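Dear colleague,

I am handing over the structure we spoke about, and below it you will find what turned up when I went through it. Please read the notes with the model open beside them.

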Amino acid sequence: EAATVFRDDFSVTVPNPDHSTVEERFITVGRSILNWLLMVAHTEQEDIRVISARKLTPTERRQYEEAD
């Protein structure tokens, strides 16, 4: 399910350099196919590799929705 946030036209992706010196990592926030707002940590090499995912906290959700 986490990988479906990459299909969200309104998802936001930012670099996440604090968690690896070996590979370039990113954080994407978006809606999954089941309509959950998720934060997904991933790499983008030949393919996207999801490292972790979680639901947004209420504060993060408000920030995301206010930015729309």
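T28 is buried, with a relative accessible area of 0%, and its place is in strand β2, which covers residues 25–31. Please keep in mind throughout that this is a predicted model. The side chain of T28 is joined to that of T13 by a polar contact of 2.7 Å. Leaving out residues up to four places away in sequence, T28 touches V5, F6, S11, V12 and T13, and also L38, M39, V40 and H42.

M39, one of the residues that T28 touches, has its own set of contacts: not counting residues up to four places away in sequence, M39 touches I27, T28 and V29, then S52, A53 and R54, and finally L56 and E60. M39 also belongs to the largest nonpolar core, which has seven residues in all, the others being I27, V29, L37, A41, L56 and Y64. The elements that give two or more residues to this core are β2 and β3, and the largest share, three residues, comes from β3. As a general background, nonpolar side chains in soluble globular proteins tend to be buried together.

W36 lies in the loop between β2 and β3, the latter being residues 37–44, and W36 counts as partly exposed because its relative accessibility is 39%.

Turning to charged side chains, the structure holds five salt bridges, and I describe some of them here. E23 and R25 meet through their side chains in a salt bridge of 3.3 Å, N to O, and the side chains of E23 and R49 meet in another, at 2.7 Å, N to O. E23 lies in the loop between β1 (12–15) and β2, while R49 lies in strand β4 (residues 48–55), so this pair ties together parts that are 26 residues apart in sequence. How exposed or buried are the partners? E23 counts as buried, since its relative accessibility is 19% and the cut-off for buried is under 20%; R25, at 22%, counts as partly exposed, and R49 is partly exposed too, with a relative accessible area of 41%. Salt bridges that share partners join E23, R25 and R49 into one network.

A further salt bridge brings together the side chains of E60 and R54, at 2.8 Å, N to O. R54 counts as partly exposed, with a relative accessibility of 37%, and both E60 and R54 are among the residues that M39 touches.

Lastly, R61 has its place in helix α1, residues 58–67, and is partly exposed, with a relative accessible area of 34%. Which residues does R61 contact, once its neighbours within four places in sequence are left aside? They are R31, L37 and L56, and of these L37 and L56 are members of the largest nonpolar core described above. The C-alpha atoms of R61 and S32 are separated by 14 Å, the two residues being 29 residues apart along the chain.

With kind regards

Note on methods
Residues numbered from 1 in each chain as written. Predicted model: local features only at pLDDT ≥ 70, side-chain atom pairs only at ≥ 80, totals over all residues. Heavy atoms only, no water. Helix = DSSP H or I, 4+ residues; strand = E, 2+ residues; numbered from the N terminus. Buried < 20%, exposed > 50% of the residue type's maximum accessible area, 1.4 Å probe, protein only. Polar contact = N/O pair within 3.5 Å; in protein donor to acceptor, adjacent residues only side chain to side chain. Contact = heavy atoms within 4.5 Å. Salt bridge = Lys/Arg side-chain N within 4 Å of Asp/Glu carboxyl O. Core = buried A, V, L, I, M, F, W, Y, C linked by side-chain atoms within 4.5 Å.
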